[in-house]
Amino acid sequence: MTTATNIVTLTKDDGANPLDGVTKLGIGASWDTTTGGSGGLMGFARKARGTDLDAFAILMSGNDPVRLAGLDVSDPLQNGAVTHSGDNQTGHGDGDDELIEVDFTRVPPQVTSVVFVCAAYKKGSDFRKAANVSFKVYDSSGGSTAQVADIWPSLLGSGNAIAVAKAVRAGSSWTLEVINERGTVRQGDQDSLLRFAVGK
């Protein structure tokens, strides 16, 4: 993947995008609230309440999930290697609702990949109440941040979770691959979320 000023849309067909020269990568998740077809007072209340989706980074050692960033875990390695901006429970506001950043220079060697997942994870949340779900890819190397790509999830499929992409260690460098697969996790069940990331 290049750091050109033109923003590209990454897809599964692109395969592994080399992150040559990228030392700090960001994945931002954003979404809007939809009424889900409800009009009148119920639709207005639903829009005002917002929609709660959750973005996660699951750190893998081979096929074993070893750390999780998301919800109230903002720095799972406690060294700034993988950080999460915090839990946005409404989707209201401009820009990214939740942001995960990976500083590859700080990721320990036993972490072989990082899987990025977005889910209607909390009990009562619903992907069908979210619209315009999108993921922005940022290059924050060298102290400045620029969006270099985006990933649009498919509107087809079912389930309350989507495996968005994964960063994979490739020798001394990394690649970024789009996964874009829907699936189901048990709401509030961390084990189910981790199993969803295995093999992606």
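## Cavity, pocket and cores

The largest cavity is lined by I27, G28, A29, A55, F56, E98, I100, F116, V117, C118, F135 and V164. The model is predicted, with local features needing pLDDT of at least 70 and side-chain atom pairs pLDDT 80 or more, while totals for chains, interfaces and linings use all residues. Residues are numbered from 1 along each chain as its sequence is written, and side-chain values use heavy atoms, without hydrogens and water.

On a 1 Å grid over the protein atoms alone, a cavity is a set of points where a 1.4 Å probe fits but cannot get out; a pocket is an open set with protein on both sides within 12 Å along at least five of seven lines; lining residues have an atom within 4 Å of a point. Points are joined across faces, edges and corners, and a volume is the space filled by probe spheres set on them. The structure holds one cavity of 30 Å³ or more.

| Space | Volume | Lining by class (nonpolar: Ala, Val, Leu, Ile, Met, Phe, Trp, Tyr, Cys, Pro; charged: Asp, Glu, Lys, Arg; polar: the others, Gly among them) |
|---|---|---|
| Largest cavity | About 50 Å³ | ten nonpolar, one polar, one charged |
| Largest pocket | About 360 Å³ | eight nonpolar, five polar, two charged |

Strands are DSSP runs (E, at least two residues) numbered from the N terminus. In the cavity lining, β3, β4, β7 and β8 each supply at least two residues. The largest pocket has 15 lining residues, and A130, V133, S154, L155 and R182 are the closest to its centre. Strand β9 (residues 130–139) gives the most to this lining, with five residues.

R182 lies in strand β12 (residues 173–183). Its relative accessibility is 28%, so R182 counts as partly exposed (between buried, under 20%, and exposed, over 50%, with a 1.4 Å probe and protein chains only). The side chain of R182 reaches the backbone oxygen of G159 at 2.9 Å.

A nonpolar core is a set of buried Ala, Val, Leu, Ile, Met, Phe, Trp, Tyr and Cys residues joined through side-chain atoms within 4.5 Å. The largest has 38 residues, and F116 and L176 have the most contacts inside it. Among the strands that each supply at least two residues of this core are β10 (146–151) and β11 (161–170). A second, separate core of 16 residues includes I58, V117, F196 and A197.

Notes
Helices (H or I, at least four residues) and strands (E, at least two) are DSSP runs, numbered from the N terminus. A polar contact is a pair of N or O atoms within 3.5 Å; within protein, one must be able to donate a hydrogen and the other to accept it, and residues adjacent in sequence count only if both atoms are side-chain atoms.
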